[in-house]
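Biologist: Walk me through this one, please. I'll ask as we go.

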Amino acid sequence: MRRREFLQISAGSIAVTALRGIPQVPERPALRELAGAKNLLVGSAFSFAQMARPEMAALLAQQCSIMVCENELKWGPTQPERDRYEFEHADAMVVFAEAHGQKVRGHNLCWHQSNPAWLETTITPGNAAALLRQHILVVAGRYRGKIHSWDVVNEAIHLEDQNAGGLRNSVWLKNLGEGYIELAFRAAAEADPGAILTYNDFGMEHDAPDQERKRNAVLGLLRGLRARGAPVQALGIQSHLTAHLVPPRFHELHGFLKELGKMGLRVFITEMDVDDRDLPADVAKRDRMVAGLYRDYLRTVLAHDHVRAVLTWGLADRGTWLDAYHPRGDGQKKRPLPFDAELHAKPAFAAMCEAIAECPARSEERV
Ligand code: G3I
């Protein structure tokens with residue numbers, strides 16, 4: 001049996017195991033049931049390794065109606081060499097999601113990070129368009145009809161680089177200019193016309209001057225794309241929040257979300273987690289403060305009908321990217337997600353359930 005077939009079968013069997021062995025989260029319906037009643041999708045990023053852990057697979061299956069591969073669909077893993085593509089892990093993860101009736105987000109087709117070494121040394125202004133277009137046609141084409149939404153371009157705005165439009169310095173901007181973004185969206189639309197094509201970025205959530213400047217730059221980017229007829233249909237707000245002793249405020253986010261609605265864009269909360277690095281060491285206190293932030297933030301964004309999906313960047317604390325990002329001074333592991341490392345529901349899970357249960361139902365349309 002070829003390795004690919006083995007992985008497909010194993011993903012399917014994990015799926016079956018998950019369906020059989022789902023640990024019941026006590027006293028609450030699953031997130032996906034609560035969200036489904038509101039025509040909202042809720043889910044998480046996951047990795048191939050997490051999928052292979054039966055108890056983790058079971059929890060993901062139980063709680064999520066939409067999934068996203070944390071890393072397996074990025075440039076480096078999918079095109080490790082110019083003439084070689086690798087999809088075994090991503091294929092198995094898509095099979096897993098389909099086996100559980102879950103939608104799949106694609107992440108991502110164009111980014112300044114996680115590019116393979118060959119790209120940085122091979123790309124020139126003369127071949128860049130063909131390299132980007134071919135990658136997108138191959139990767140998005142492979143999953144045509146299977147992807148709910150693609151993060152076509154990720155994190156293209158970085159005001160500190162002081163480029164026109166606030167664009168981030170990247171291998172793409174350097175070799176193609178600002179037109180790389182429209183090129184990427186048009187290639188994605190050609191590869192998978194049924195996917196919701198999304199621009200995804202971070203640092204737009206809080207009431208803060210720098211985040212307001214970023215929101216304005218993102219609006220400018222989206223308006224420019226729309227003016228040129230580029231097929232961008234959604235904004236992904238990553239929502240990597242940081243908890244402080246004085247909770248952040250999200251009042252300015254309402255105006256931003258209204259502007260996006262006026263443009264006819266859907267909004268996805270694509271990578272939510274809460275960095276507790278500045279919170280006290282006491283776990284119970286930290287968990288309560290993190291839960292408060294989940295509640296405040298989700299109440300804010302779910303007040304807007306065009307917010308159609310909420311995904312956390314992982315479902316359980318074990319393996320969160322945040323442990324390597326500004327580690328806590330006391331050396332403790334961070335606790336950013338709805339479930340702890342032992343897969344026990346935390347106050348943040350209850351906060352998510354409450355915010356979803358109390359939010360208005362999304363109007364009936366394609367999610
Ligand atoms: O798979 C290789 C492994 O073979 C190798 O031995 C190991 C050591 O070099 O690296 C492994 O790849 C790592 C990968 O995660 C899988 O674990 C990469 O080095 C590492 O850079 C990568 O980090 C990811 C990061 O994006 C960069 O791609 C994080 O897991 C992931 O959580 C993070 O997610 C990003 C979103 O894509 C975009 N938004 C921000 C978010 C957080 O940074």
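Modeller: Terms before anything else: helices (H or I, at least four residues) and strands (E, at least two) are DSSP runs, numbered from the N terminus. The model is predicted, so local features need pLDDT of at least 70 and side-chain atom pairs pLDDT 80 or more, while totals for chains, interfaces and linings use all residues. Residues are numbered from 1 along each chain as its sequence is written, and side-chain values use heavy atoms, without hydrogens and water.

Biologist: Where does R53 sit?

Modeller: R53 is in the loop between α3 (48-51) and α4.

Biologist: Buried or exposed?

Modeller: R53 counts as buried, at 16% relative accessibility. Buried is under 20% relative accessible area, exposed over 50%, partly exposed in between (1.4 Å probe, protein chains only).

Biologist: What does R53 touch?

Modeller: Not counting residues up to four places away in sequence, R53 touches R318 and L343; contact is heavy atoms within 4.5 Å. The side chains of R53 and E55 are also joined by a polar contact of 3.0 Å. A polar contact is a pair of N or O atoms within 3.5 Å; within protein, one must be able to donate a hydrogen and the other to accept it, and residues adjacent in sequence count only if both atoms are side-chain atoms.

Biologist: What about phi of L343?

Modeller: Phi of L343 is near 70 degrees, a positive value in a residue other than glycine. L343 is in the loop between β9 (307-312) and α14 (347-358) and is buried, with a relative accessible area of 17%. Q162 also has a positive phi, near 55 degrees, but counts as exposed at 73% relative accessibility.

Biologist: Back to α4. Why is it largely enclosed?

Modeller: Because eight of the ten residues of α4 (residues 54-63) are buried. Among them are M56, L59 and Q63.

Biologist: Switching to the ligand. Which residues come nearest?

Modeller: E70, K74, H107, S114 and E271, out of 14 residues around the ligand. Being near takes a heavy atom within 4 Å. A polar side-chain atom of S114 lies 2.6 Å from a ligand oxygen atom; for K74 the distance to an oxygen atom of the ligand is 2.7 Å, and for H107 it is 2.7 Å.

Biologist: How much of the ligand does the protein bury?

Modeller: The protein buries 46% of the 790 Å² that the ligand exposes when taken alone.

Biologist: Which peptide bond is cis?

Modeller: The one from H107 to N108, with omega near -5 degrees. N108 lies in the loop between β3 (103-107) and α7 (117-122).

Biologist: And the core, which residues touch the most other members?

Modeller: W150, V153, Y199 and Y297, in the largest nonpolar core, which has 107 residues. A nonpolar core is a set of buried Ala, Val, Leu, Ile, Met, Phe, Trp, Tyr and Cys residues joined through side-chain atoms within 4.5 Å. A second, separate core of ten residues includes L41, I66, V68 and W313.

Biologist: What is V153 in contact with?

Modeller: Leaving aside neighbours within four places in sequence, its contacts include C110, Y180, A184 and F185. A184 is in helix α10 (residues 179-191) and is buried, with a relative accessible area of 0%. A184 and V153 are 31 residues apart in sequence and 7.1 Å apart, C-alpha to C-alpha.

Biologist: Last one, where is A45?

Modeller: In strand β1 (residues 41-46). A45 is buried at 1% relative accessible area, and the residues it touches include V68, E70 and W313, not counting those up to four places away in sequence.

Notes: Areas by Shrake-Rupley, 256 points an atom, 1.4 Å probe, with all protein chains shown as cover.
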